[in-house]
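Here's a quick briefing for anyone opening this structure for the first time.

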Amino acid sequence: MRVTFTVNGRQASADDVWEGESLLYVLRERLGLPGSKNACEQGECGSCTVRLDGVPVCSCLVAAGQAQGREVTTVEGLAGPEGELSTVQQAFVDAGAVQCGFCTPGLLVAADELLERNPEPSDGDIREALSGNLCRCTGYEKILDAVRLAAARTEGAV
Amino acid sequence: MSTAEQNRAAEGGRTPTGVARGLTQGATGTRGGIGESTLRPDGVLKVTGEFAYSSDLWHEDMLWGHTLRSTVAHARIVSIDTAEALATPGVYAVLTYDDLPTEVRHYGLEIRDTPVLAHGKVRHHGEPVALVAADHPETARRAAAKIRVVYEELPVVTDEASATAPGAVLVHEDRDDHHSGHVPHPNIVHRQPIVRGDADAAARRADVVVRGEYVFGMQDQAFLGPESGLAVPAEDGGVDLYVATQWLHSDLRQIAPVLGLPEKKVRMTLSGVGGAFGGREDLSMQIHGCLLALRTGKPVKIVYNRFESFFGHVHRHPAKLTYEHGATREGKLTHVRCRIVLDGGAYASSSPAVVGNAASLGVGPYVVDDVDIEALALYTNNPPCGAMRGFGAVQACFAYEAQMDKVAAELGMDPVEFRQRNAMEQGAVMPTGQVVDSPAPVAELLRRVKAMPLPPERQWETTEGADVRALPGGLSNTTHGEGVVRGIGYAVGIKNVGFSEGFDDYSTARVRIEAINGEAVATVHTAMAEVGQGGVTVHAQIARSELGVTQVTINPADTQVGSAGSTSASRQTYMTGGAVKNTCEAVREKVLAIGRRKFGTYHPAWATAELLLEDGHVVTDGGEKLAPIAEVLEDEAVDLELEFRHRPTQPFDLRTGQGNGHVQYSFAAHRAVVEVDTELGLVKVVELACAQDVGKALNPLSVAGQIQGGSTQGLGVAVMEEIVVDPVTAKVRNPSFTDYLIPTILDTPSMPLDILELADEHAPYGLRGIGEAPTLSSTPAVLAAIRQATGLELNRTPVRPEHLTGS
């Protein structure tokens, strides 16, 4: 089947999609967007988190056909038009929140969504919002730092 | 300028597969040398999604490989019928043992006992039996399901009693490896006793004697990036392999003979590695991918899913540990006797070295003159176990620290003070007879971790009531503080750094300096596996400090340069960092020789020995700038590749365990604060503080990340992580992130750090390998805290709710 949807603001189509393919597979293997990650492919780790019409979802659990006609935002869509890093991306780099980085794309999409709806999250809010994203390297301390930093920088810019 | 621009991780283009050609990092806003928290050169690529992990690789016309694995733990293979799978449209190849191209059909890190594909029998659940290549991953999976394997099941051995019982089935019937001659039973991979002093005599001097039996569950590395890689057949009959691994050259040594190719025709390049923690030290898809690529003549990508990943790598050895500690009334240890039985599973992997560690570090960071230690690893039909962060020292630390608390309680002494009274320091003698000849601040680390402020009581209380996210049970909303009690526990551990027991442990670095557009720039090329630890950051920092340059390019790790050894054993900053430093020093001497040749007659300072390279210039030790490096070099480049070795070590004597077996030791201490819902048996770790001696923090931000990450893995195996193997069938029951739980951000507490830097004069920059020590003591600290909260004995880890509620 053919699947057409908007990804990071641009229309994209994939042909010959098998009905069992996930949105994650189509993004990674058919649309050349491997930023969303495949750590568990069972909806437990959050590494494949994308936004579907604004809502964070595990793209491994979304059938590709379900994305037909909808808007998808992936980690590749977070940076600005000239490639400038978004506030949350920059904060992850600066705070040392990236080690192996495999969890990073999903965490960035989740953190970006958190800060959009809650610009001044408490630590508890951050932990709750990111509790669906597993990280095995950092122990999460620097990830907390990064989200706090992104919130503070956003606040400072206002 | 933004950090993103400053930290420009510009790729110099990519290979067809997507692997970046190199990481170039220019001005970082600071000097970017050692001791600074320089940012990762791959950080921008990783936050934009552009960093190419091994599972992201792509090649035109590539096929997907899939592995058929055994559904039973121990069986004779009666027959394998691949006809239907081969006839499936879209399938290009199906391979079994009979298709292997040479007579070399086994591999292994130390003992080549692991079949590339099962032959005649399978020895554990999930053993690779056949391979499929197809044009779609689902086609490959479905075709594999059509392969008919008839098994005739054999009895399983699953623990010491069954493995060494009279008439026990032998996991490997015709062993002729170098351990087979000295082990008491063929189902024992390796056994290492360590005897020092006279434990029997010392026991008679003890005022208290405490015994305990402990069980350590099977932990999984659970790195997030699944095993994966891309094998591309080459025109010369060889193969190019892009893969996530911990040690390219060790892989190469095992892969090439199976393929029947000379090593130079198997060109390996490290692709992005999504964590490792020991789980990538053994081969996974490497040989399989190459076999399929060479058979089909097409590029083949293999990516495990999480289910398969649980079968695709070795785990941490589960262990049964029996300890006896004696002490005088004054709180001095008299003796320790212990027996550590590790379950190595069906294949040897790194079990012998894990045994050596468990034995030699089995007493912990304490002075005990009279010891009687025995450690061994079994062959069983359980999943193979091998390297995981902490490597044999973790299991022992869990048990000896529980013992230390028990002895302290028996003596009525504060557990920290009791540890401090027995803490080793520089000059102490290990049970192996080895003298600890660099700082060993064990008592000081305990003092520091104890001195940190405690989190407030009832930390979950807010003005709006209880924040359930800070309570046991979390968002399940199981308590608002009722039935919740707090406990505090301490632990300290000792880990060796580098490969031990006489292993020729070395690393190689190639460093080039040249002038480009009037600026001296450096290129560093090593085969070091960057698995997330930040080695690439540190290498660039070292090159800047040693060569006085700003811009450094880190070439991709591959087998076109000499071996870097493994990214394991906390060794890479010491070893490959040391190699980069060593080569930079030689490069610097060459640059200075060129300068002396060109300019020596103009300025007498060129004749002095103490010239340095700083800020792009040759400078005297007084800071006088003699010439820009770029002018010294002009169009001449200096390019050297050199090996670096740590001090040699010795094997442990097979009967007494005596020998200078280790290179360096690493110490960390933890204090855990837990709150336990005693009614439901739920645990919340409220805080996990750590004090660690790191010798010299080359990158303080990365050091903190290593300690916090390691501490969290220790927390995981304290309260949730365990691969459950059915004791009757030896089958894995929970191969998924649904059923094998690792800590989430809600499970993980605040982790304050106190980092000590006491230089080890034998190590580059005085640094100490740091990656593993925090994984040791966090588990026993959490257990001690839970014991204090509940009053329960808790002799196994992980602790489950039923252990706390008694139901």
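Rings of Phe, Tyr and Trp (its six-membered ring) pair if their centres lie within 6.5 Å. By that rule, there are 13 aromatic pairs over all chains here. Keep in mind that you're looking at a predicted model.

**Aromatic rings between the chains**

- Take Phe102(A) and Tyr53(B): they make an edge-to-face aromatic pair, with 4.8 Å centre to centre and 85° between the planes.
- Phe102(A) sits in the loop between α2 (87-95) and α3 (104-117) of chain A, while Tyr53(B) sits in the loop between α2 and β3 (63-69) of chain B, so this pair joins two chains.

**An aromatic pair inside chain B**

- Trp247(B) and Phe499(B) also pair edge-to-face, at 5.8 Å centre to centre and with 80° between the planes.
- Trp247(B) is in the loop between β14 (239-243) and α7 (248-259) of chain B, and Phe499(B) is in the loop between β24 (484-497) and β25 (506-516), so the pair ties together parts that are 252 residues apart in sequence.
- Both Trp247(B) and Phe499(B) are buried.

**Where chain B meets chain A**

- On the chain B side, 66 residues are in contact with 53 residues of chain A.
- How much area is buried between chain B and chain A? It's about 4500 Å², and carbon and sulfur atoms give 58% of that.
- Val47(B), Leu224(B) and Ile745(B) supply 18% of the area that chain B buries against chain A, more than any other three residues.
- Six salt bridges turn up across the interface of chain B and chain A.
- Arg136(A) makes a salt bridge with Glu721(B), and their closest N and O atoms are 2.6 Å apart.
- There are also 27 residue pairs in polar contact between chain B and chain A, counting pairs with both residues at pLDDT 80 or more.
- In chain B, α1 (3-6), α2 (43-48), α4 (137-145), β16 (300-303) and α17 (700-719) each bring at least two residues to the side that touches chain A.
- The largest share of that side, eight residues, comes from α17(B).
- The residues of the side of chain B that touches chain A split into 31 nonpolar, 25 polar and 10 charged.

**Two residues to look up in chain B**

- Gln664(B) belongs to strand β32 (residues 664-677) of chain B, and with a relative accessibility of 1% it counts as buried.
- A polar atom of the Gln664(B) side chain lies 3.2 Å from the backbone nitrogen of Gly769(B).
- Leaving out residues up to four places away in sequence, Gln664(B) touches several others, among them Lys495(B), Tyr574(B), Asp760(B) and Arg768(B).
- Val663(B) is in the loop between β31 (638-645) and β32 of chain B, and at 7% relative accessibility Val663(B) counts as buried.
- Setting aside neighbours within four places in sequence, the contacts of Val663(B) include Val497(B), Phe499(B), Tyr574(B) and His646(B).
- The C-alpha atoms of Val663(B) and Asp437(B) are separated by 9.9 Å, though the two residues are 226 residues apart along the chain.

Key
Residues numbered from 1 in each chain as written. Chains lettered and ligands numbered in written order. Predicted model: local features only at pLDDT ≥ 70, side-chain atom pairs only at ≥ 80, totals over all residues. Heavy atoms only, no water. Contact = heavy atoms within 4.5 Å. Buried area = accessible area lost by both parts, 1.4 Å probe. Salt bridge = Lys/Arg side-chain N within 4 Å of Asp/Glu carboxyl O. Polar contact = N/O pair within 3.5 Å; in protein donor to acceptor, adjacent residues only side chain to side chain. Helix = DSSP H or I, 4+ residues; strand = E, 2+ residues; numbered from the N terminus. Nonpolar A, V, L, I, M, F, W, Y, C, P; charged D, E, K, R; others polar. Phe/Tyr/Trp six-rings, centres within 6.5 Å; stacked < 30°, edge-to-face > 60°. Buried < 20%, exposed > 50% of the residue type's maximum accessible area, 1.4 Å probe, protein only.
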